[in-house]
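Here are my notes on this model, point by point. Please read them with the structure open.

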Amino acid sequence: MDTLTFVGTATTVLRLGTFTLLTDPNFLHRGQRAYLGKGLWSRRLTEPAMQPSDLPELDAVVLSHLHGDHFDRVARAKLDRTQPVLTTPEAAETLADWGFNADGLSPWDSRTIAHGTETLTLTALPAVHARGLLARLLPPVMGTLLEHSQDGVVRRRVYLSGDTLTGDHLDEIARRHPGIDVAVVHLGGTRVLFHTVTMDAEQGVDFLRRIRPVQAIPVHYDDYKVFRSPLSEFQQAAVATGFGGLLRPVRRGETVTLDRPGNGSTT
């Protein structure tokens, strides 16, 4: 059974067939500061559902970008450095300096992990964290497509949005990779230096309109003070525009199956 366990922020444990992945590891406790670079920081408002010692054995870590709310000092100190970390080239360079087995992917680059006749292909997708001058202050970010195959047949496609804004790059993703089963959508309407740098409710609905996933699991929406657009706003906007049936909200510590609604369960 394919499942997603929500740890908090954009941190999830994904199980696709026999593969297990960790995304954007953020294990800071409530009240601690996440450092975002260039003198920027934000205090965590929530408690993560896991710590590194609670994690299962992993095949890889998928890191959308190197920000303190996506890869923090706890992850740096306590994660296994031998397991592969797939991320942007810029983040991979820093992680390699820290002793991690990091692999940098440019947009559309792919890597494949195999377990016998079962494969998991990870493809880096374009993302836009900010536009204009602010883009120079924030680290490059990527989305990721996960394609799980058995005997050469793709059985599930999962799209991790990363901290992206909407735009034409999403149309290109939809053109190249139609038929997304599950989109894990980074929301929150994060505000940095008076600019929105992650999708708010309106942009989240535009993401759904462009990508057209079968299901959408919202994450990254209430963990830090810089998140200004609550999940409830996204849910209301999705319902108002006819996308409400796509949403699969998940609480921290909860595990949901990635089957189509009605075929799965929550634990």
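This is a predicted model: local features need pLDDT of at least 70, side-chain atom pairs count only at pLDDT 80 or more; totals for chains, interfaces and linings use all residues.

1. Look at Phe207 next. Which residues does Phe207 contact, leaving aside neighbours within four places in sequence? They are Tyr159, Ser161, Thr166, Leu170, Ala183, Val185, Met199 and Arg212.

2. H4 is mostly covered, with nine of its 11 residues buried. The buried set is Ala201, Gln203, Gly204, Val205, Asp206, Phe207, Leu208, Arg210 and Ile211. These buried residues pack against strands S12 (153-160), S13 (182-186), S15 (195-196) and S16 (215-219). They also pack against helices H3 (168-176) and H5 (231-240).

3. Now the ends of H4. Asp200 caps the N-terminal end, with a side-chain oxygen 3.3 Å from the backbone nitrogen of Glu202. Arg212 follows the helix and has a positive phi, near 55°.

4. On the surface, Leu137, Leu193 and Phe194 make up a nonpolar patch. Together they have about 340 Å² of accessible area. Leu137 sits in the loop between strand S10 (118-126) and strand S11 (142-150). Why does Leu137 count as partly exposed? Its relative accessibility is 36%, and the partly exposed class lies between the buried limit, under 20%, and the exposed limit, over 50%.

Note on methods: Residues are numbered from 1 along each chain as its sequence is written. Side-chain values use heavy atoms; hydrogens and water are left out. Contact means heavy atoms within 4.5 Å. Patches are made of residues with over 30% relative accessible area and no salt bridge: like charges are joined within 9 Å, nonpolar side chains (Val, Leu, Ile, Met, Phe, Trp, Tyr) within 5 Å. Accessible areas come from the Shrake-Rupley method with a 1.4 Å probe; for residues, only the protein chains shown count as cover. A salt bridge is a side-chain nitrogen of Lys or Arg within 4 Å of a carboxyl oxygen of Asp or Glu. Helices (H or I, at least four residues) and strands (E, at least two) are DSSP runs, numbered from the N terminus. Buried means under 20% relative accessible area, exposed over 50%, partly exposed in between (1.4 Å probe, protein chains only). A polar contact is a pair of N or O atoms within 3.5 Å; within protein, one must be able to donate a hydrogen and the other to accept it, and residues adjacent in sequence count only if both atoms are side-chain atoms.
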